[in-house]
Amino acid sequence: MIVGLGNPGPQYARNRHNVGFQVVDLLARRHGIPLSRAKFNALFGVGTINHSQLLESRRLPKESAAGQRVLIVRPLTFMNLSGRAVAPIARFHRIEPLDIFVVYDELDLPSGKLRLRPFGGSGGHNGMKSLIQQLGTDQFPRARVGIGRPHTPMSSADYVLQNFSVEEETEFETLRPRIADAVESWLFYGIDLAMNRFNPAAEATD
């Protein structure tokens with residue numbers, strides 16, 4: 001299962017807080033998996049990510065592996081209730097937490113920085129708090145996507161619900177495909193290889 005965190009509704013679509021949705025939407029388009037099913041308080045799609053597609057695009061090393069059946073999920077709850085969507089759909093499809101990859105925004109990383117981790121706490125992120133509570137564990141891999149903190153007096157809540165600035169959007173047009181590549185790397189080669197490839201060298205095991 002590949003989960004992007006965000007808030008539902010067009011008014012939130014380009015918010016910093018919705019970078020998780022933006023990445024899973026890109027993955028779904030890339031592999032022709034429409035997010036057209038609505039159940040369990042989630043919008044999701046089921047399909048196959050084929051290894052051959054990734055080899056042709058040179059996004060992954062040349063090693064033989066079959067296609068992977070995936071569930072791509074966008075919770076239809078608001079951010080702080082994300083776990084109420086993710087946990088039921090995981091239980092229904094018998095997906096273990098270690099096989100759930102979550103993409104979400106991170107205030108405590110500089111804007112545009114990507115860090116993959118195999119597990120960890122919520123770091124104060126309400127969506128992740130909900131996932132950890134509902135899944136009963138923090139042992140699931142994730143991509144933390146840095147959005148930085150506001151440079152002017154502003155609450156964190158107001159900041160994350162702003163759209164990306166023009167400068168940030170230019171940066172994230174390149175970053176979103178890279179995050180999608182990292183998710184694909186995890187899918188076929190596991191979190192350790194993905195971290196070594198996509199985290200900064202000094203932080204690959206952080």
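Residue E168 lies in helix α6, which spans residues 166–189. The structure described here is a predicted model. With a relative accessibility of 13%, E168 counts as buried, because the cut-off for that class is under 20%.

The surroundings of E168 draw on other parts of the chain. Leaving aside residues up to four places away in sequence, E168 touches R16, S111, I147 and Y159.

The crossing of α6 past α7 is right-handed. On the side of α6, the contact involves R178, D181, A182, S185, W186 and Y189; on the side of α7, I191, L193, A194, R197 and F198 take part. Sorted by class, this contact has seven nonpolar residues, three charged residues and one polar residue.

The whole protein provides the setting for these details. Seven helices and seven strands are present, and from the N terminus on they follow the order β-α-β-β-α-β-α-β-β-α-β-α-α-α. The protein has 206 residues, of which 51% count as buried. Among contacts with a separation of 6 or more, 71% join residues 24 or more positions apart. The accessible surface comes to about 9,700 Å², and carbon and sulfur atoms account for 50% of that surface.

Terms used. Residues are numbered from 1 along each chain as its sequence is written. This is a predicted model: local features need pLDDT of at least 70, side-chain atom pairs count only at pLDDT 80 or more; totals for chains, interfaces and linings use all residues. Side-chain values use heavy atoms; hydrogens and water are left out. Helices (H or I, at least four residues) and strands (E, at least two) are DSSP runs, numbered from the N terminus. Buried means under 20% relative accessible area, exposed over 50%, partly exposed in between (1.4 Å probe, protein chains only). Contact means heavy atoms within 4.5 Å. A crossing is left-handed if the near helix is turned anticlockwise from the far one by less than a right angle, and right-handed if clockwise. Ala, Val, Leu, Ile, Met, Phe, Trp, Tyr, Cys and Pro count as nonpolar, Asp, Glu, Lys and Arg as charged, and the others, Gly among them, as polar. Accessible areas come from the Shrake-Rupley method with a 1.4 Å probe; for residues, only the protein chains shown count as cover.
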